[in-house]
Amino acid sequence: MPDLTQPVLPAGTFSRIPQPTIPTGDGLVLRPWRAGDAPAVHEAFQDPAIHQWHIRSADSEEEVRGWIAEWQRAWAGERTAQWAVADAAGDRLLGRVGLRRIELLDGAAEVAYWTHPAARGQGVAARAAAALARWALDEIGFERLELLHAVGNEASCRVAGRAAFALEGTKRRALLHPDGWHDMHLHARVRSD
């Protein structure tokens with residue numbers, strides 16, 4: 001059965017180009033991951049707050065190097081697009097931001113992020129999410145970006161607001177964490193915002 005609409009983004013939107021480095025304009029840069037980032041990622045994933053709000057743990061730097069290799073491959077596969085968030089001056093790893101669940105047909109994806117414990121309270125996640133959203137909506141042509149976080153994660157709710165993602169509602173019992181089912185706030189930005 002033929003589709004009645006054309007894909008919002010054609011196949012090859014990502015795979016035809018190298019993953020870009022995206023400056024935020026305020027001292028941060030979103031850059032492709034490197035194997036040398038593994039120690040800092042492993043360190044971040046030892047933090048109790050990361051454990052509380054994420055469903056993944058990192059047992060070793062070797063395991064993290066595997067994640068980074070997968071993040072690098074995922075760009076070409078157009079499944080996800082992950083960036084390291086670093087300070088522009090010294091390239092110190094401050095966090096991660098990415099597009100998950102990329103749907104080229106619908107021009108939609110989910111924004112996800114975390115901040116290294118040493119970089120919290122500096123607006124890193126909000127600045128990175130806002131820069132990624134501008135790039136995805138304005139330069140690439142996505143129509144809709146969603147951002148989900150556990151209702152109890154008030155810091156992530158503030159990040160969403162600062163990055164101009166409007167709260168649209170609550171998805172009840174939407175994600176299973178080690179401590180049980182979490183209701184999730186759904187925020188979104190669309191191209192016309």
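Helices (H or I, at least four residues) and strands (E, at least two) are taken as DSSP runs and numbered from the N terminus. The expected span of a helix is 1.5 Å times one less than its number of residues. The model is predicted, so local features need pLDDT of at least 70 and side-chain atom pairs count only at pLDDT 80 or more, while totals for chains, interfaces and linings use all residues. Residues are numbered from 1 along each chain as its sequence is written, and side-chain values use heavy atoms, with hydrogens and water left out.

Helix α3 covers residues 61-77, which makes 17 residues. From its first C-alpha to its last, α3 reaches 24 Å, close to the 24 Å expected at 1.5 Å a residue. Which residues of α3 are buried? They are V64, W67, I68, W71, A74 and W75, where buried stands for under 20% relative accessible area, exposed for over 50%, and partly exposed for values in between (1.4 Å probe, protein chains only).

The face of α3 turned away from the buried side carries the exposed residues E62 and A76. E62 counts as exposed because its relative accessibility is 53%. Its side chain meets that of R65 in a salt bridge of 3.1 Å, N to O, a salt bridge being a side-chain nitrogen of Lys or Arg within 4 Å of a carboxyl oxygen of Asp or Glu. Both E62 and R65 lie in α3, 3 residues apart, about one turn of the helix. R65, at 33% relative accessibility, counts as partly exposed.

By this rule the count comes to 15 salt bridges. Another of them joins R31 and D91, with the closest N and O atoms 2.8 Å apart. R31 lies in strand β2 (residues 28-31) and D91 in the loop between β3 and β4, so this pair ties together parts that are 60 residues apart in sequence. R31 is buried, with a relative accessible area of 4%, whereas D91 is partly exposed at 30%.

What does D91 touch, not counting residues up to four places away in sequence? The list is R31, R34 and A86, with contact meaning heavy atoms within 4.5 Å. The side chains of D91 and R34 are also joined by a polar contact of 2.6 Å. A polar contact is a pair of N or O atoms within 3.5 Å; within protein, one must be able to donate a hydrogen and the other to accept it, and residues adjacent in sequence count only if both atoms are side-chain atoms.

A further salt bridge links the side chains of E146 and R144 (3.0 Å, N to O). Elsewhere, salt bridges that share partners join R31, R34, D37 and D91 into one network.

The backbone comes last. Most residues other than glycine have a negative phi. R101, in strand β4 (residues 93-103), has a positive phi of about 50° although it is not a glycine. A164 has a positive phi near 70° and lies in the loop between α5 (154-162) and β7 (166-177). E78, which follows α3, has a positive phi near 55°.
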